[in-house]
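Please read the following note with the sequence and the model open beside it. The points are numbered so that each can be checked on its own.

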Amino acid sequence: MGYIQLGLHGASAVKGSQDKTLSSVRVGQKAVVSALKSCPKDLLHKLIAMGVVAGSEVTVTQRGFFGSPINIHLFGSVLSLRSSEAAHVQVQPL
Amino acid sequence: MNHPSDTSSPRTVALVGNPNCGKTTLFNALTGSSYKVANYPGVTVEKKEGSLQLRDGTNVRLLDLPGTYALEGSSIDERIVTSVLQGSLPGEPCPDLIVAVVDATNLERNLFLVSELIDEGFKIVLAVNMMDAAEHAGLKIYDELLARALDLTVVTISARTKRGIDTLVEAVGSELARNTLSSRRRAWLATQKRASGAEAEPQALSLDNLKAANADQLAEIGSLRYRWLRNIVERSTGRSAEVRSNTASAKLDALLTSRIWGLPILLLVFGLIFQAIFLWAQAPMDIISGGVDSLSAWLSGALPPGMLSSLVADGIVPGVGNVVVFVPQIAILFLCIGLLEDSGYLSRAAFLLDNIMRRFGLQGRAFIPLLSSFACAIPGILSTRTIPSRSDRLATIMIAPLMSCSARLPVYAVLIGAFVPQTLVWGVVSLQGLVLLAMYALGVIAACAVAWVLKRTLLRKDPSFFVMEMPPLRRPLLKVVLRGVVDSVVSFLKNASTVILACSVIVWFLASYPKPTEGFEGNPVQASYAGQLGTAIEPAIRPLGFNWEIGIGIISSFPAREVFVTTLSTIYNISDDSGDNEGLIKNLQERRDNGTFSTVTAISLMVFYVFACMCMSTLAVARRETGSWGWTVGMFVYMTALAYIASLITFQVGSRLL
């Protein structure tokens, strides 16, 4: 399968000391997802299906009251998730 | 290869795609909006099916499956798509061909599902939809490159403007004419043959292998899949810059979700909707109830006096008419909700409210079902299907019937009309309106409390999450919305009228027979079966301030609340018991003046109706949707207990104060 070969130098390559969680990214900031950490399985499937995977570029576009939920722009759409869920997403700010 | 099962029944083509990819618009364009809606057996997920005529004149079945992001999704809608595709639902064959619909402006994310379908060995035609929007945003799609990279037939279309539809139909035709079976369809036919008659075993998905994978491996596979797709999309599209959403809509979006303006705008919007439901619906409701009255009066005159006349004019016509009266309100509510949903605003509402609802153990998405429940808990419970987390969904189903539905409205209206004076508070606000609002508020407050308790007890362990796509804001398509309104009204009438019809016949019979013996003094209803029943339960409800007459009303309205008004009218022996509430209101006021029906009793009765679970259809839907008798019985028991206790407190405290 094509995607296996292409991804041999996989997602795990992008990791660094500047990693922080998506929940702490401020509005307007761009970031690249580096890893999904200790997600429950249903949430993990959902995040993967929505494209929140290592290597995806996201921009935080809006935050609700008290910082939750967070709206992020990725690919061609906007995704809304709670800050508690965004806390599972490790990112590298761009 | 010619399989008998292929020629004897029409071939099946399924439309599959993400939510908001324009799948339903395409379905309407392909079928000319002539389709039928049913439910998949055993579940209430809508099954939309139409007929598509190919170029060679043959017809194929076209299925519009619910929107899904991935084959391993956890919401009911998503799981149903997976089982239809697997051919594991009884009576639903594994489709011959899938038309995978993707949004051209968001190819990577949309192609994720397609890549899973490819891996599962389906025969696929890829319809790249929303080409007009993509071109508007300066995005070019080289469909031949895309076709080669994915090894699929690719057609670029725009379902809204009907562009490329003919090409798509042609592609479907030639793909089907090739007469080679997809590996999945072949495997399915083989199991069908083996099982011959018995239930076919579902074909395992190769994705099922993922169940063994741990979280890190899953994340890695997902990341690789996206990397592969990103690569393909980069090669087969020309994008000068990132696709930008139009700035006016982005500004509007920022305003609607802003921390300062978001909630005030939300309150304003829903305030207007409530106004609309009560103001605009009034005139058509008056017309309908007037029509029911005249019909009933005309019938009792036209039919020869006797049992039949009484059954039709006192039982069936007013009983069923009582339900039909709510149609304008339900139509307006569904129109408003449909417009908001199609424009993308409801997702903004969910965003704004998630943080508040989270505190009660609910999530932003529960807002839509709870809002619908103000019209009727049935569509409310049905719309919880999009909530992916089981515990959030169960909690929402359990509290949906606490929202005061339109069937409670006639009960409130009669009691408020009779017992609350028509005075103004602070010179502007009507006291009657305030009392009505208080009843609605009481239900909402109780719902929050029940959800809070459930999430800390029975539903404590289930994980909950809120990850939701925000569809782009757009002008709603009136045609789609109106079709939805018609569908809801028809299913409301079908669902409710069967129950109501049966109830009104039963109530009429129980309140009419046996006839009192010669020389019986007093109310003839007291001698009937209903009267005997009411008298029997009177000791239990006396602490709530209710007498035997109200007791009959309550018992008769367990199948459906609005029956209460009809029953009370019948019992009060009004000649005109046909939904014209003025007669009943006057009668109640007479009873208040002679001391047999106090104001405290009326308030206690309203409180009882706020909480009591009196709707067979709701329980039936709850049973199907939760798949459990435990939750269904639980719903009935907790609501009835709540009603009894709240009424008891209201009456005991109230009668000491007033």
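In β6(A), which residue is the bridge partner of A31(A)? The partner is P93(A), and the points below begin with how to read the model and then return to this pair.

1. This is a predicted model, in which local features need pLDDT of at least 70 and side-chain atom pairs count only at pLDDT 80 or more, while totals for chains, interfaces and linings use all residues. Residues are numbered from 1 along each chain as its sequence is written, chains are lettered from A and ligands numbered from 1 in the order in which they are written, and side-chain values use heavy atoms, with hydrogens and water left out.

2. The bridge between A31(A) and P93(A) belongs to the antiparallel pairing of β2 (residues 30–36) and β6 (residues 89–93) of chain A, which runs over five bridges. Strands (E, at least two residues) and helices (H or I, at least four) are DSSP runs numbered from the N terminus, and two strands pair if DSSP finds at least two bridges between them.

3. These two strands are part of an open sheet of seven strands with antiparallel pairing, whose order is β1(A)-β6(A)-β2(A)-β3(A)-β4(A)-β5(A)-β12(B). Because β1 (20–21) of chain A and β12 of chain B each have a single partner strand, they stand at the edges, and one side of each is left without a neighbour in the sheet.

4. The sheet includes strands of both chains, and the pairing across them joins β5(A) to β12 (residues 467–470) of chain B in the antiparallel sense, over four bridges. Within that pairing, V78(A) stands opposite M470(B).

5. The contact between the chains (heavy atoms within 4.5 Å) takes 41 residues from chain A and 47 residues from chain B. The size of an interface is often given as the accessible area lost when the parts come together. Here the buried area (accessible area lost on being put together, 1.4 Å probe, summed over both parts) is about 4,400 Å², and carbon and sulfur atoms give 61% of that area.

6. Across the interface there are 18 residue pairs in polar contact, both at pLDDT 80 or more. A polar contact is a pair of N or O atoms within 3.5 Å, where within protein one must be able to donate a hydrogen and the other to accept it, and residues adjacent in sequence count only if both atoms are side-chain atoms. On the side of chain A that touches chain B, the elements giving two or more residues are α1 (2–6), α2 (41–49), β3 (57–63), β4 (70–74) and β5 (77–81), and α2(A) gives the most, with nine residues.

7. The rule finds two salt bridges between the chains, a salt bridge being a side-chain nitrogen of Lys or Arg within 4 Å of a carboxyl oxygen of Asp or Glu. One of them joins E78(B) and K46(A), with the closest N and O atoms 4.0 Å apart.

8. Chain B has 28 helices and 12 strands, and buried residues make up 56% of its 658 residues. Here buried means under 20% relative accessible area, exposed over 50%, and partly exposed in between (1.4 Å probe, protein chains only).

9. Two loop residues of chain B illustrate these terms. S557(B), in the loop between α23 (548–556) and α24 (563–571), counts as buried because its relative accessibility is 0%, and among the residues that it touches are Y609(B) and M614(B). R178(B), in the loop between α7 (165–177) and α8 (183–195), is exposed because its relative accessible area is 54%, and its side chain makes a polar contact of 3.3 Å with that of E175(B).

How values were computed: Buried area is the accessible area (1.4 Å probe) that two parts lose on being put together, summed over both. Lists of a residue's contacts leave out its neighbours within four places in sequence.
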